[in-house]
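Student: Hi! Could you walk me through this structure, starting wherever you like?
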Amino acid sequence: MKPDISTQVGAIKIERPTMLASGILGISLEVFDRLYKDGAGALVTKSLSKEPWEGYPNPTVVGVKTGYLNAVGLSNPGAPYFAKMISLNKTVPIIVSLVGSIPEDFDFMIKQFENVKILGYELNLSCPHVEKVGLEVGDDPELVHKIVKSVKSKSQVPIIAKVGLGSSDYLETVRVACESGVDAITAINTVRAMAIDVETTRPILSHKIGGLSGPAIKPIAVRCVYEISSKFDVPVIGCGGVSSWEDAIEFILAGASAVQIGSALVDKWVSVFSEINNGISKYMEKKNFSKIKEMVGIAKKF
Amino acid sequence: MQRNFDAPTIVTIEKIIDETPTVRTLVFSDEVLSNVLPGQFAMVWIPGINELPMSVMISQEKGKAAFTVRKHGVASTELYSLKLGQQVGVRGPYGNSFTVKQGKILLVGGGTGLVPLIRLLTFLKKTDDVTLLIGSKTKNEVFFEKMANQILEHNKHQVIVVTEDGSYGKSGLVTQVMENLLSETKFDAVYTCGPEKMMYKVVQLASSKNIHVQASIERMMKCGMGICGSCCFGEVLACRDGTVFDGKYLLTNKEFGYTHRNKAGMLENY
């Protein structure tokens, strides 16, 4: 029998364990629909704010030896515009990523999606390159508590907190998020980093400091998934440098119920989802696993 | 060291050619960009200012490439105003390219949209019968006419300039002249790049005669490599799936000729 690669992240059920990570390609329903048909199990939107944001001037993305560095600056059309755009969605499994500074920002945005078909929300507590949001929120346990509690009381769909490596202990952010009612954790966001051009002696990104993604951060992300799933009873989505089926399996063995994919699109473009799904399926067949959940976290027993 | 195509390689402006009062060509040495395919672009970093997608212009000197820029926004004006010896960063090339056909070839360009078409001319066979239509508002905005004639000197060819105010060449819209040509001649392929309203009309006209037509489209771009999503155009990404698309596809894309996205990703009308 063919293995079943559908998976469940808490109450979120998806047909395939590979999601599109937030920040990547996520501004149009037509693109989501295409990526879903190309094999993505779920699509996480770009982080939406109350108002439209233009983001930073270019350069916003630059390649480094082992990945990519970006400071796009959370450009997005704003939650009201976006909610309207996806309002007719019936089939595409969308997770809406939200970014804000205070509970009221999130309350406003959740209201926009009340009558829209979505799988859940992912709260961006970890963008490393925009002031007063993202990591600056994630690094403040009191604020994390207030935001998660407020969102939880108003949302009709599950809530995921996306955490990253900021200036405080990320496990403390996870603990507070879990105690405040979050349904799952995505780990990790990009890692604060920088690149300087030696010929011109200038930082390359217009924002100077950005977030590092791709193969360089994968071992860090695997460690975080392993730590979170060891310490807390919460479903985890692994994110950071997934570019092959082996990477996806590694995250699952560390404790992830699904993975998110971003930078790997540069090399493999939209075929990356089906390629990884097929690889996972073949691995399961070879190793005699019939369901994803049989593999989740089994590296922890050693 | 192996070149990282996604990180800027620094090049120096070696030559500046004034094409019109608002358009300049900046020439630099770069082996990789000197050999790109027609339609491919580079991301051009103007240090301290911005980074822009630019179609890669040919240079008649080996190992050199160029950018032809019109000053209109802040960043393009900075690029236009660079002096000899100043540096920019280039990454890429990115994007697909025109499919080179043979036979009777028609190219329709407007403004700096001529850049990929001029490169395409260098990929045509000597046996091709080539017609290039250059659309412009007025006489002093016409450029590349002489260069196109030089490139095509061994081909059967014609370069027709069309100005909207009739101050040079034929008078009217380039698409009107194209319509007349289509009624006289059976072309094997049509290629276009320029203002989107113009390309829309070109694609419609060619498609109505069942002629193979391709257009190179432009959208707001940030990463240039298919991850940020800024340049999404229906379900495709201009930077990654394009910038060249078949007319058959374009006519199914409801954004073509009508809308594009701003920096925040909101659709705006042309």
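**Strands, helices and contacts**

Student: Which residue is the bridge partner of B:Asp18 in β3(B)?
Tutor: That is B:Arg24. Before we go on, this is a predicted model, where local features need pLDDT of at least 70 and side-chain atom pairs count only at pLDDT 80 or more, while totals for chains, interfaces and linings use all residues. Residues are numbered from 1 along each chain as its sequence is written, and chains are lettered from A and ligands numbered from 1 in the order in which they are written.

Student: Thanks. How do β2(B) and β3(B) run, and how many bridges join them?
Tutor: Strand β2 (residues 15–20) of chain B and β3(B) run antiparallel, with five bridges between them. Two strands pair if DSSP finds at least two bridges between them. The two are linked by a hairpin through two residues.

Student: Which other strand is joined to β3(B) by bridges?
Tutor: Strand β7 (residues 64–70) of chain B is antiparallel to β3(B), with seven bridges.

Student: Is β3(B) covered or open?
Tutor: Mostly covered: six of the seven residues in β3 (residues 23–29) of chain B are buried. Buried means 20 or more other C-beta atoms within 10 Å of a residue's own, exposed means 12 or fewer, and partly exposed lies in between, with C-beta atoms placed from the backbone.

Student: How many residues of β13(B) are buried?
Tutor: Five of the five residues in β13 (residues 189–193) of chain B are buried, so this strand is largely enclosed by the rest of the structure.

Student: What sits beside β13(B)?
Tutor: Strand β9 (residues 104–110) of chain B runs parallel to β13(B), with five bridges, and B:Ile105 stands opposite B:Ala189. Strand β14 (residues 212–216) of chain B is also paired with β13(B) in the parallel sense, over four bridges. There, B:Val190 faces B:Val213.

Student: Let's switch to helices. How do α5(B) and α6(B) lie, and how far apart are their axes?
Tutor: Their axes come within 10 Å and cross at roughly 10°, α5 being residues 174–184. Axes are lines fitted to C-alpha atoms, for helices over the stretch in contact, and angles run from 0 to 180 degrees between N-to-C directions. α5(B) and α6(B) are therefore roughly parallel; that label is for angles under 35 degrees, with over 145 roughly antiparallel, 65 to 115 roughly perpendicular and the rest oblique.

Student: Who makes that contact?
Tutor: From α5(B) come B:Val174, B:Thr175, B:Met178, B:Glu179 and B:Leu182, and from α6(B) B:Met198, B:Lys201, B:Val202 and B:Leu205. Contact means C-beta atoms, placed from the backbone, within 7 Å. By class there are six nonpolar, one polar and two charged residues. Ala, Val, Leu, Ile, Met, Phe, Trp, Tyr, Cys and Pro count as nonpolar, Asp, Glu, Lys and Arg as charged, and the others, Gly among them, as polar.

Student: How about α7(A) and α8(A)?
Tutor: The axes of α7 (residues 218–231) and α8 (residues 245–254) of chain A come within 8 Å and cross at roughly 25°. These helices are therefore roughly parallel to each other too.

Student: Back to chain B. What is the strand order in the open sheet of four strands?
Tutor: The order is β1-β8-β4-β5, with antiparallel pairing. β1 (9–12) and β5 are at the edges with a single partner strand each, so one side of each is left without a neighbour in the sheet. The twist averages 35° from one strand to the next.

Student: Last one: how many residues of chain B are in contact with chain A?
Tutor: 27 residues of chain B are in contact with 38 residues of chain A. On the chain B side, β5 (50–55) and β8 (87–94) are the elements that give two or more residues. That side has 12 nonpolar, nine polar and six charged residues.

Terms used
Two residues are in contact if their C-beta atoms, placed from the backbone, lie within 7 Å.
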